[in-house]
Amino acid sequence: MLTQRLLLSDRGGMLVLGLVVLMAIIVPICNLAVPGDSPLHVSNFTVGLLGKFLCFALLALSVDLIWGYAGILSLGHGAFFTLGGYGMGMYLMRQIGDRGVYGHPELMDFMVVLNWQELPWYWQGFDMFWFAMLMVLLVPGLLALAFGWLAFRSRVTGVYFAIITQALTYALMLAFFRNEMGFGGNNGLNDFKEILGFDLAAQATRVGLFIASAIALVLGYLACRYIVTSRAGRVIVSIRDAESRTRFCGYQVESYKLWLFVFSAMLAAVAGALYVPQVGIINPGEFAPLNSIEMVVWVATGGRGTLFGAIVGAFSVNYAKTFFTTYSPETWLFILGGLFVLVTLLLPKGIVGLFDRFRRKGEK
Amino acid sequence: MNPLNRLRETWRPDQVFDLVQPTPTFDKSLDTKHGPILYVEDVSVSFDGFKALNNLNLYIDDGELRCIIGPNGAGKTTMMDVITGKTKPDSGSVYFGQRINLLKLSEHAIARGGIGRKFQKPTIFEALSVFENLELATASNKHVWYTLNHHLSGEQRDRIDEVLTQIGLTNHYQQEAGALSHGQKQWLEIGMLLVQNPRVLLVDEPVAGMTGEEVEHTAQLLTSLKGRHSVIVVEHDMAFVRSIANKVTVLHQGSVLAEGSMDQVQSDPRVVEVYLGE
C-alpha cells in the first residue's frame, strides 16, 4: 500500500531513484575493487564529484518541495544548507583535538590565533557526534521556524518573501565572515582529520560518505513523497493554486506553509552536513546569495513540481558546471544565466517536461 | 473614539465584560432560539475615508434564503468579508448564534465553525480532481499533523457522494477540476461549501456568466438548500433573484435601504431611484 503510494504510482521517480541506488552500488565497487588500469575503474575524483552531486540533489529536493509544491520561492536555502554544514564542520573540528598546528588540546587553531583562552559556549558538546547531528537539524529548523513564523503570519508572499530570504542568507554570510563570531571567519572550518574515528583521507571513508549521501537522498526523497502524496500534500498544492479558497475551507494556511518550510530547511541542512566532510571545508562563501539562486536554477531546469525532476536538475546542471568550469571557466556564469532564461521561456516544466512531451508525441 | 468616550463606554452600567462571557466555541450547539442565526449590528468599515459599510444592520434567520442586491459599491462584498473574518470592521458587532463573536475569530476558524463562502470568480483547486476538491473541503480535523496521515471515513465518503449528486457532478468525479465548464466549476465550489456542513452559506454572484439552463439548475440547487442551511446570495441578475428569493435586502452606500419581498422592494420609490438614477 505504502510502496504503491510512494513509488509505483510515479514511474519517473522510480526510474531516477533506481539509477541513484544503482550508482550507489556500482560506483563503490568500480572504485575500490576494480584495479586502476582497468577501463571500468572509477577514479577517486569522480567518486568525490558524484558524492557532492548527491548532496546537491538532496538540497534541490528541499527547494522543490517548498517552491514546486507550495509555490513559496525561497532564495535563501543556501543558509540552511550552510548552517547544517557548519554543524558538521564543528564536530569535525573538535575531532582534530591536539593535532592542530598549535597543538592546543581544546581550542581550534583560529581561536589560538585570536588569543582566546577557552572554548566559547556554543562550541560545547560538538565533540559528541549525536549532539552535533541534533544541532545540524535543530539550528536550521529553529531558524526556519522563527523566520517562517514571522513571514507567513504577516502574509509575506511571492517576490517579497524571495527577497527577505536573500537578505537572510546575506546577513548570515556577513556575520560568519567576522572573526569574533568564532566560526573561523573568512577561512571557515577546514583541515579535518577524521569522522567517527575513520580517517577522512582514506578512500574507504570517502566511499562510505558517498554511500551515506545516496542513502540520505533516497530517504529524503521518500519522506518528501510521503508528504506530497498525503492529504496534507494536497492541501499544500491547494494553497499554491488558490490560497484564499483553502483558507475558507477551514485550513490554517500559515501553519501548513510554516511546517513545510521547517522540514525543507532541515532537509537542506542534512545535505550540508553530508557535503562538508566530502569537500573538506566549509566557509562563509557558501552563504553567498548566488548559491541559493543556483539551487533554484537546478530545480527549474530539472522540472519544478516533480520531486525526481529536482534530482535530475541538480545532476545535470552541476555536471555542466563541472564541465564548463574545467574547460572555459569565464563562460560558466553566462551559461548559467542563459540556461535560466532558456528554461523559463522554452521549458517551463524543465527537462522532465521535455521527456513528457516526447512521450505524448510518441503515443500520438 | 477619544479617551473620555472610551472611559464612559468601559464604565457603562450595563457593560458586560468579555471575561465573564463564556468563551466562543463552535463545539456546543448553536443558540438560535431567538430566530436569527447571524446578527450584523451597526457595522462600519472605511477604506481611506471611503465608507464601504455605514452602520449596517442585518439579521439572517436560521434556514432562510436571503438575496442581497444593490448597485456597485453598495458594500455587498465588504459585508461578506466582515462576516468571514477577512476584514475587521471599525465598529459594530457580528454574532453567529447568540454567543459566538465572529470578530474575535480568524478566517479559518470561522470557516471550520460553519460559515462557508463562495467567491465571485469560481475558485477551486484546478490541479486536483473533482473528488479531491471535495475531499479537501470535507469537514474533519484540519490540523497539519492530522492531515499528514489521514484517510476518509466511510461516513465522509457518503457525504461526498451525496453532495456530488446534489451538484450534479457524479459522473465527473475523477475529472481534473480545471477542465470543468464554468458552470460546473461554480457548482463544484458550492459543493465544496456543502461538504463542510455549514450553517450559513455566503454565495457571491453564483450565476454570473452562466447559460440559461445553468442558471435554472443553480436556482434549483440553492432553493433545495433552504431549511437545512441559511443561504445568503448576492446577485445582480434580477430575474434570478426573483426566481429564488422570498426575502430581499437592498444595500445602498453601505447600509440597508429596503427589505422585504421582491415585489415590495421593487415598488419602493427609494429603490427605484437608486437603480434608475436620480
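Predicted model: local features only at pLDDT ≥ 70, side-chain atom pairs only at ≥ 80, totals over all residues.
Student: Why is A:Leu15 called exposed?
Tutor: Exposed means over 50% relative accessible area. A:Leu15 has 59% relative accessibility, so A:Leu15 counts as exposed. A:Leu15 sits in helix H2 of chain A, residues 11–32.

Student: What makes A:Asp10 and A:Arg225 a salt bridge?
Tutor: The cut-off is within 4 Å, side-chain nitrogen to carboxyl oxygen. Their N to O value is 3.7 Å, so the pair qualifies. The pair links distant parts of the chain, 215 residues apart. A:Asp10 is in the loop between helix H1 and H2 of chain A, and A:Arg225 is in helix H8 of chain A.

Student: Are those two residues buried or exposed?
Tutor: Buried means under 20%. A:Asp10 has 14% relative accessibility, so A:Asp10 is buried. A:Arg225 has 11%, so A:Arg225 is buried too.

Student: Which salt bridge partner of A:Arg234 lies in chain B?
Tutor: B:Glu132, at 4.0 Å, N to O. A:Arg234 lies in helix H9 of chain A and B:Glu132 in helix H4 of chain B, so the pair joins two chains.

Student: Why is B:Glu132 called partly exposed?
Tutor: Partly exposed runs between the buried limit of 20% and the exposed limit of 50%. B:Glu132 has 23% relative accessibility, so B:Glu132 falls in between. A:Arg234 has 18% and therefore counts as buried.

Student: How do you know that E7 and E8 of chain B pair?
Tutor: Pairing needs at least two bridges. Five bridges join E7(B) to E8(B), so they pair; the strands run parallel. B:Leu201 stands opposite B:Val231 in E8(B). With helix H8 of chain B, the two strands make a right-handed β-α-β unit.

Student: What makes E7(B) mostly covered?
Tutor: Five of its five residues are buried. B:Val200, B:Leu202 and B:Asp204 point one way, and B:Leu201 and B:Val203 the other way. In a regular strand, side chains alternate between the two faces of the sheet.

Student: Which strands are at the edges of the sheet in chain B?
Tutor: The order is E6-E7-E8-E3-E9-E10, an open sheet with mixed pairing. E6 and E10 each have a single partner strand, so one side of each is left without a neighbour in the sheet.

Conventions: Residues numbered from 1 in each chain as written. Chains lettered and ligands numbered in written order. Heavy atoms only, no water. Helix = DSSP H or I, 4+ residues; strand = E, 2+ residues; numbered from the N terminus. Buried < 20%, exposed > 50% of the residue type's maximum accessible area, 1.4 Å probe, protein only. Right-handed = clockwise from strand over helix to strand, strands pointing away.
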